[in-house]
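Reader: I have a few minutes before my next run. Can you walk me through this one?

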Amino acid sequence: MIIALKRNVRAEEQEHLIEWLEDQGVRTHISEGEFQTIIGLVGDTTRIDTDLISGLAFVEGVTRISEPFKKANRKFHPEDTVIRVPGSTAAFGGGAFQLIAGPCSVESEAQVETIARAVKKSGAGVLRGGAFKPRTSPYDFQGLHEEGIRILSEVKKLTGLPIITEIMDIAHLPLFEDVDIIQVGARNMQNFELLKELGKTDKPILLKRGLANNMKELLMSAEYIMAGGNEQVILCERGVRTFETYTRNTLDLSAVAVLHELSHLPVVVDPSHATGAARYVKPMALAAAACGADGLMIEVHNDPPHALCDGPQSLTPEQFDDVAKAVAKVRKAIME
Ligand code: PEP
Ligand code: MN
């Protein structure tokens with residue numbers, strides 16, 4: 001349920017209403033917009049008498065929210081949420097756009113440093129690199145684990161780029177202290193215990209859409225994190241599994257438009273995992289920028305044929321530079 005307040009509401013009237021609502025057993029979520037204050041109610045609102053609230057002189061209107069996601073809902077928070085990465089200028093949402101780039105997996109310090117310096121020069125604002133890799137086969141490279149995170153931290157110190165890496169097990173959380181954005185991969189989108197624990201952290205979370213999950217399920221997973229108190233969630237469309245075989249997944253760009261309509265959270269697109277082929281990354285990156293994505297996550301490797309993971313979809317630093325320049329032109333065009 002949301003309660004829209006009139007512009008001239010007095011602070012004590014607002015406080016009194018909030019106190020009364022919380023006494024009814026619901027939690028309140030205040031969104032102070034430029035033109036209107038909205039009180040969102042989370043919890044069991046069935047006992048709340050909407051007529052009583054609508055009758056208050058300072059209340060503009062009361063609406064029950066039919067969608068099961070509340071905190072992630074744009075009705076709760078009409079303005080775009082801007083997620084800023086602490087200690088850097090990187091931001092996502094509300095007009096802020098960010099390129100996240102780096103290798104699929106951290107392989108060595110020299111590799112990550114080379115790639116980081118190159119992608120930074122091309123305009124990337126966040127460095128990616130997997131330390132814990134969710135591989136389909138247990139015989140494939142699983143990542144450097146703790147050492148991978150140490151390398152990312154080291155390269156962060158050397159380049160000033162904030163870092164993002166994937167968490168697979170909440171027991172590893174202490175290793176993520178220096179990580180700026182925690183990634184939840186597609187395979188863990190519905191690992192609800194992991195999501196609940198991440199809800200207790202204060203770091204931005206990049207939540208990737210599951211291989212076969214619809215948008216409502218993605219938003220419900222974001223809701224798990226937000227319900228725990230961490231409202232800094234970046235949604236990521238990375239393609240879903242369909243009958244198509246020429247691409248690794250099918251990039252659902254309609255997700256950008258639909259998620260922006262339903263939610264105030266930023267939406268990032270990953271054209272690398274979506275297509276699985278380096279030659280399709282540029283056209284899909286441009287399309288994502290054109291339809292209003294708040295950022296892109298692109299895999300970049302200094303030597304793609306020898307990458308330990310996802311070489312075929314990795315761009316070289318030169319190719320990434322070309323994509324970054326083209327994306328900047330599209331961004332400019334859509335902002336005019
Ligand atoms: C990744 O970004 O490293 C990754 C494993 O992606 P996804 O979870 O989308 O498959
Ligand atoms: Mn990958």
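This is a predicted model: local features need pLDDT of at least 70, side-chain atom pairs count only at pLDDT 80 or more; totals for chains, interfaces and linings use all residues.

Reader: Fine. Which residues surround ligand 1?

Author: The shell consists of Arg128, Lys133, Pro134, Glu166, Gln183, Gly185, Ala186, Arg187, Lys208, Arg238 and His273.

Reader: How does that shell divide into nonpolar, polar and charged?

Author: Six of the residues are charged, three are polar and two are nonpolar.

Reader: What about oxygen atoms of the ligand? How far is a polar side-chain atom of Arg128 from one?

Author: The distance is 2.8 Å for Arg128. Lys208 also has a polar side-chain atom by a ligand 1 oxygen, at 2.7 Å. For Arg238, a side-chain N or O atom lies 2.6 Å from an oxygen of ligand 1.

Reader: And how much of ligand 1 does the protein bury?

Author: The protein buries 97% of the 300 Å² that ligand 1 exposes when taken alone.

Reader: Which pocket does ligand 1 sit in?

Author: Ligand 1 sits in the largest pocket.

Reader: Where is His145?

Author: His145 is in the loop that runs between strand 8 (126-128) and helix 4 (146-159).

Reader: Is His145 buried or partly exposed?

Author: His145 is partly exposed, because its relative accessible area is 36%, and buried means under 20%.

Reader: What about Asp310, what is its phi?

Author: Asp310 is not a glycine either, and its phi is positive at about 60°. Asp310 lies in the loop between strand 14 (295-299) and helix 10 (317-335).

Reader: Buried or exposed, that Asp310?

Author: Buried. The relative accessible area of Asp310 is 16%, and the cut-off for buried is under 20%.

Reader: Last topic. Where does Val258 sit?

Author: Val258 belongs to helix 7, residues 254-262.

Reader: Why does Val258 count as partly exposed?

Author: Val258 counts as partly exposed because its relative accessibility is 28%. That class lies between the 20% and 50% limits.

Reader: How far apart are the C-alpha atoms of Val258 and Glu60?

Author: They are separated by 27 Å. Along the chain, Val258 and Glu60 are 198 residues apart.

Note on methods. Residues are numbered from 1 along each chain as its sequence is written. Chains are lettered from A and ligands numbered from 1 in the order in which they are written. Side-chain values use heavy atoms; hydrogens and water are left out. A residue is near a molecule or strand if one of its heavy atoms lies within 4 Å of it. A polar contact is a pair of N or O atoms within 3.5 Å; within protein, one must be able to donate a hydrogen and the other to accept it, and residues adjacent in sequence count only if both atoms are side-chain atoms. Accessible areas come from the Shrake-Rupley method with a 1.4 Å probe; for residues, only the protein chains shown count as cover. On a 1 Å grid over the protein atoms alone, a cavity is a set of points where a 1.4 Å probe fits but cannot get out, and a pocket is an open set with protein on both sides within 12 Å along at least five of seven lines; lining residues have an atom within 4 Å of a point. A molecule sits in a cavity or pocket if more than half of its atoms lie within 2 Å of its grid points. Ala, Val, Leu, Ile, Met, Phe, Trp, Tyr, Cys and Pro count as nonpolar, Asp, Glu, Lys and Arg as charged, and the others, Gly among them, as polar. Helices (H or I, at least four residues) and strands (E, at least two) are DSSP runs, numbered from the N terminus. Buried means under 20% relative accessible area, exposed over 50%, partly exposed in between (1.4 Å probe, protein chains only).
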